[in-house]
Amino acid sequence: MSHLFYQTRDRRPLLDRAEGIYMWDVNGKRYIDGSSGAMVSNIGHSNPHVLAAMRAQMDKSTFGYRLHFENAPAEDLAAKVAELSPEGHDKVFFVSGGSESVESAVKLARQYAFVSGQDSRWKIISRSPSYHGATLGALALTSYEPLNAPFKPMVTAMPKIPAPRCYLDRDNLSDEERGLRYADMLRDRIIEEGPDSVLAFIMEPVGGASTGALVAPESYYGRIREICDKFGILLIYDEVMTGVGRTGKFLACEHWNINPDIIATAKGFGAGYVPLGAMTAKQHIVDKILDAGGFQHGYTYAGNPIACAAGLAVIEEIFRHNMMENTTKVGGELLAGLGRLMDKYPFIGDVRGKGLLTAFELVSDRETMTPLDRNLNAFSQLVNIAYERGLIIYSRRSRGGVEGDHFLVCPPMITTSEQIADILAILDDSLDELATILNLPR
Ligand code: PMP
């Protein structure tokens, strides 16, 4: 009997070892890590350079509390992150994961309002659906009913606007018009809430688990920035999943030339080697808080030297091996291949993504985008079929958790074209098997 528990009673085999995009269980079965865990192991498993950097740091020191010592890996990594972040993001705050990163972004925004005489502003508008983390603060920004329901009332319920799921719309608008229409919902909501009460807007630039690789029309991103500027509202990008190369740029905000005020990253930073994340903010925000006596926030493990040495080595590897270029190339091949599967299987309703953050969504009717009957449990069935066939993918019931199933296919950034073809072949066989089991139309 195991004494461990996670969300459910479901258990998986014991992991034995992992290398590159492959993982082996203790029975010797091989799996393709087609979702990089939970979109984490961005540079693949057992990267020798990262392991060597961690070992070298371990031989020197493993921990120095930040109130007692600075450490060189944290300094070096902060300098690197500032160099790779949008202009003005010169201050970097380390954390140990995505929820901590989002909490830190929110607390920075709150304290900024407090020290700059704007304490009437406290509301943070987010999108629905969205996922911003598991801690109670981040959960109040999250909009995904199964995760929220047991914890209502939220610590503080925050206003939401619809995520731009244009693929569900049946209107005659152009992409550009749709993007603007969704962005303008932020303006309307700010006015409704009272502009003086709204502090920030937080969004995933490409949706993660919540919306399954949702990319908004081009026009959305710029208009959101304009609206935030107009009302003096801070724009927070949750790049926990998109950051550190996953979409083909170091940060996804670069695709649209957007400079958010605060950025939260994690997952790909530690890349499965260490728990690590970073929150960056524009210098004037941080200065205002430091000038007023200091940021009233911090975690014990912040800036851990082993974690930072690993994070630095991860970034070095990404650049040394042109992994972002590869991500754009093979991500395009993956999306095209998913498109071919959509041509073949009428129960695939949509295929979407950017770089190696890609997804497809299953429906019972593509014209109306009617989801599959939730009792079919397609979201777990397909994952299990693929798992049996040696491919790991990541699924969620989408659309607010009451309907719809989407699947994230997000292998590591080192995946080759041949390996993408292998993934697509296993997916094809798995979808065929799912169609047979659930009697889906072909
Ligand atoms: N924000 C986003 C966009 C995420 O995808 C996640 C994790 N899925 C988080 C925050 C929370 O990260 P963590 O699980 O590391 O706390």
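Colleague: Which loop holds A213?
Modeller: A213 sits in the loop between β7 (198-203) and α8 (218-231). One thing to keep in mind as we go: this is a predicted model.

Colleague: What is its phi like, given that A213 is not a glycine?
Modeller: The phi of A213 is positive, about 60°.

Colleague: And is A213 buried or exposed?
Modeller: A213 is buried, because 31 other C-beta atoms lie within 10 Å.

Colleague: Which loop is N257 in?
Modeller: N257 lies in the loop between β8 (234-238) and β9 (262-265). N257 also has a positive phi, about 55°, and is not a glycine.

Colleague: Why does N257 count as exposed?
Modeller: N257 counts as exposed because it has 10 C-beta neighbours inside 10 Å, and the cut-off for exposed is 12 or fewer.

Colleague: Switching to prolines. Where is the cis peptide bond with an S in it, and what is its omega?
Modeller: That cis bond joins S128 and P129, with omega about -5°. P129 is in the loop between β5 (123-128) and α5 (136-141). There is also a cis peptide bond from K152 to P153, with omega near -5°. P153 belongs to the loop between α6 (145-148) and β6 (160-162).

Colleague: Now the inside. How many residues are in the largest nonpolar core?
Modeller: The largest nonpolar core has 129 residues, and those with the most contacts inside it are A109, F201, I236, A310, V314 and L408. Helix α10 (residues 305-320) gives the most to this core, with ten residues.

Colleague: Why do you say the core lies between the two domains?
Modeller: Domain 1 (15-46 + 322-438) and domain 2 (50-320) both give residues to this core, so it lies between them.

Colleague: What does I236 touch, apart from residues up to four places away in sequence?
Modeller: I236 touches A105, A109, A200, F201, I202, P260, D261, I262 and A264.

Colleague: How far apart are the centres of domain 1 and domain 2?
Modeller: Taken over C-alpha atoms, the centres of domain 1 and domain 2 are separated by 26 Å. The contact takes 33 residues from domain 1 and 33 residues from domain 2.

Colleague: Which element gives the most on the domain 1 side?
Modeller: That is α11, with five residues on the side of domain 1 that touches domain 2. This side divides into twelve nonpolar, 15 polar and six charged residues.

Colleague: Last topic, the ligand. How many residues surround it, and which are the closest?
Modeller: 16 residues surround the ligand, and the closest are G97, G98, S99, G208 and V240. Helix α4 (residues 98-115) gives the most to this shell, with three residues.

Colleague: And how do the shell residues divide into nonpolar, polar and charged?
Modeller: The shell around the ligand has eight nonpolar, six polar and two charged residues.

How values were computed. Residues numbered from 1 in each chain as written. Predicted model: local features only at pLDDT ≥ 70, side-chain atom pairs only at ≥ 80, totals over all residues. Helix = DSSP H or I, 4+ residues; strand = E, 2+ residues; numbered from the N terminus. Buried ≥ 20, exposed ≤ 12 C-beta atoms within 10 Å, placed from the backbone. Core = buried A, V, L, I, M, F, W, Y, C linked by C-beta atoms within 7 Å. Domains from an automatic or database assignment. Contact = placed C-beta atoms within 7 Å. Near = placed C-beta within 6 Å. Nonpolar A, V, L, I, M, F, W, Y, C, P; charged D, E, K, R; others polar.
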